[in-house]
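Subject: Structure for your files

Hello,

Here is the structure I said I would pass on. My notes follow below it.

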Amino acid sequence: MIQLQALLARQPLPEQTESLAYVLLKAIPSRVAGRAGLNLTIVVDRSQAIESENRLAWVQRALGALAEALRPDDIVSLVVFGDRAKLLLPAEAGAGAKLKRMVAFLDSHAMPGRATVLEGLKLGGEELKKNLAPGRVNRMVVLTASPITQEFETEALARVFAEQHIGVSAFGLGTDWSPFGLVRLAEAGRGSAVYVPRPADLPALVAQEMEHLQELAFLDLRLHLRFTRGLSARRLFQVFPTIAHWLPSQPTERDAILALGSLPAGRPCYLLAELRVPPRAAGECRLAGVDLSYTAAGPAPQAVRAAVDIEARVGADPATVNFEVLRYVAAMQAFLLVERALEARADGETEKTLALLKNAVRITEDSDDGLLMHQLETALESLEKVAMLPEAAAKELYFSARAAAMRF
């Protein structure tokens, strides 16, 4: 089962003045759990973009190995897309051998025109919905080398999937796709986004994702935060095992309900909350109640709930600091600065990009993340010399900052 913990970055909070409180919420599953079957749809880009750099051959190799890893009770289907979508393998249990044969002939299913990821998602979603069931992992695996052209509609559809307990794992091959479109697809679908810079990396990355999916045992986590009167959430971040962030639709909202995806046995989920706390008198106080609902996989799947209160002390005593929470705060701040910098880069705002990356460097200097620091310094050097940051370097920096925020 899952235990909840709530850790504050600093205590006590100041009395009789408004303050910010950072809270790290931990959902910690037990190491023993039941097994969940897979309901899996694979959605593959078959536009011209997948033909270059021998990408298709590596896609076939990766999916061939995935087919061999399927268990007899796993359900799988296969969709390809270009300017339209086509179902190659309808959803079927024990169809690993059929999938492998279909994958071997992917080269005969080329699609003309510009790739439309949205059409592939729609058709893949229809196949997944045929076999939705409690205690089953419902996942769409998307492999694309093309930009997402309808980002708003794609993200909205992924949010619908999340409400239907369908997750999305998105793999971006090469450098021609937008990292923000792909990541927001995965975030909205409570899944993972994976950058594949070299086609030869794809089989190992797909194998890792498949192993992760087969280990999921605590499914469809839903976190409900109920804030006390006057308190509100400025921002909420899932920081592990993936990154997702939410902004409340109303700053005065007293409730927040977040879909957090699924967890394997023994692997925690962390949520970082930035709370605005109104003035309070000295003493003990309750900031919020936290309820977690989920399904525990097994022969007879169980609906389970867990709860914890976020409590704090208010007073004038010297503050006690929880450095674990502050490390997450700093790493998330650095990631958000990198994200904003790369958005500015996409808009051609070089000076703004430089300023944001320099701020990210200042935050990262105090951490032990040498890889991210090196990539930040390399990006700054490139921008200062030629006012340009190559696409591959931008993607490496973005995904390194994401990884750093989850590393603690």
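In what sense do strand β4 (residues 37–45) and β7 pair, and over how many bridges? The two pair in the parallel sense, over 8 bridges. Pairing here requires at least two DSSP bridges between two strands, and the elements are DSSP runs numbered from the N terminus, with helices being H or I of at least four residues and strands E of at least two.

First, the conventions. This is a predicted model, in which local features need pLDDT of at least 70 and side-chain atom pairs count only at pLDDT 80 or more, while totals for chains, interfaces and linings use all residues. Residues are numbered from 1 along each chain as its sequence is written, and side-chain values use heavy atoms, leaving out hydrogens and water.

Around β7

Buried means under 20% relative accessible area, exposed over 50%, and partly exposed in between, with a 1.4 Å probe and protein chains only. Strand β8 (residues 166–173) also runs parallel to β7, joined to it by 7 bridges. L143 of β7 is the bridge partner of V44, and L143 also stands opposite F171 in β8. With helix α4 (residues 151–163), β7 and β8 make a right-handed β-α-β unit; right-handed means that, with the strands pointing away from the viewer, the path from the first strand over the helix to the second runs clockwise.

The antiparallel sheet

There is an open sheet of 4 strands in the order β13-β10-β15-β16, paired antiparallel. Its edge strands, β13 (255–264) and β16 (302–314), each pair on one side only. On average, neighbouring strands in this sheet are turned by 20 degrees against each other, direction ignored. Axes are lines fitted to C-alpha atoms, for helices over the stretch in contact, and angles run from 0 to 180 degrees between N-to-C directions.

Within the sheet, β10 (residues 216–227) and β15 (residues 283–296) are joined by 8 bridges, and L225 has V290 of β15 as its bridge partner. Helix α6 (residues 202–215) packs on the sheet, touching β10 and β13, and its direction makes about 75 degrees with that of β10. Contact means heavy atoms within 4.5 Å.

L342

L342 lies in helix α7 (residues 323–346) and is buried, with a relative accessible area of 4%. Leaving aside residues up to four places away in sequence, L342 touches F180, L389, A394 and Y398.

Regards
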